[in-house]
Amino acid sequence: MPMMPDPAPMSSWRGQPLTHEAAESLFIGWKQQGPQMPAGDQITKPWSWLVAAGKNPAYDFFPCQHQLYSYGKGKGQMWYEPVFKALTLDGQEVWRRRRYRVRRATIPGTFYYSVLDNGVTSNEYWRIMDCAEDLEFCLFYYSGAAATAGLSYSGAVLATKDGTWPLQYTQRIHAALHRAGIEPWELSDVDNSACAGAPL
């Protein structure tokens, strides 16, 4: 998989060094109560995050991208299930779901993902570039490869509580994008205008 650029994940959150456990709780996001939830706000969502914008047109532009994270049975293991709309050849919108196995990498805030899709296994390396202390956004950067298909790729997703861009954090998000070698104009907004009925 492409390893350049290889941006470092954020190293601290809420004034404390980022640990593996804290990083995993950031993936859980709004889906489950836990230490990642903002103080005084324990109202959860049916999803962990809703993607507001992305860089890679092959992966990040699908409408209504719900990110669902859950803890696995073993230490350092998680599951990631994106639920999103896809456009069929005859112009119909249909809901799709994938299931990724997630495990910790060496550095807190980095993770290995693997998924079997149409008989092809893809392996990805994700980094948490930044997350707001109030969980209004997280920016994730990834690189991956589907070995048997000879395909490599990279991208970034801006995940938020409700799928809208948090304008108050624009400068901070731009700084995190620059650390990943991405210009803000490279991101495209995701269409979250008709997400009712998502099979979460």
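Which residues lie nearest the centre of the largest pocket?

1. Basis. This is a predicted model, in which local features need pLDDT of at least 70, side-chain atom pairs count only at pLDDT 80 or more, and totals for chains, interfaces and linings use all residues. Residues are numbered from 1 along each chain as its sequence is written, and side-chain values use heavy atoms, without hydrogens or water.

2. Largest pocket. Ala58, Tyr59, Arg98, Tyr100 and Asp117 lie nearest its centre, among 26 lining residues. The space in this pocket is about 510 Å³. (A pocket is an open set of points on a 1 Å grid over the protein atoms alone, where a 1.4 Å probe fits, with protein on both sides within 12 Å along at least five of seven lines; lining residues have an atom within 4 Å of a point. The volume is the space filled by probe spheres set on the points.)

3. Lining. Its residues comprise 18 nonpolar, three polar and five charged. (Ala, Val, Leu, Ile, Met, Phe, Trp, Tyr, Cys and Pro count as nonpolar; Asp, Glu, Lys and Arg as charged; the others, Gly among them, as polar.) At least two lining residues come from each of β5 (77–87), β8 (110–117), β9, β10 and β11 (151–160). (Strands are DSSP runs of E, at least two residues, numbered from the N terminus.)

4. Leu135. Phi is positive here, about 65°, though the residue is not a glycine. Leu135 sits in the loop between β9 (120–131) and β10 (137–146). Leu135 counts as buried because its relative accessibility is 0% (buried means under 20% relative accessible area, exposed over 50%, partly exposed in between; 1.4 Å probe, protein chains only).

5. Arg14. This non-glycine residue also has a positive phi, near 50°. Its loop runs between β1 (12–13) and β2 (16–17). Arg14 has 31% relative accessibility, so Arg14 counts as partly exposed.

Key: Helices (H or I, at least four residues) and strands (E, at least two) are DSSP runs, numbered from the N terminus.
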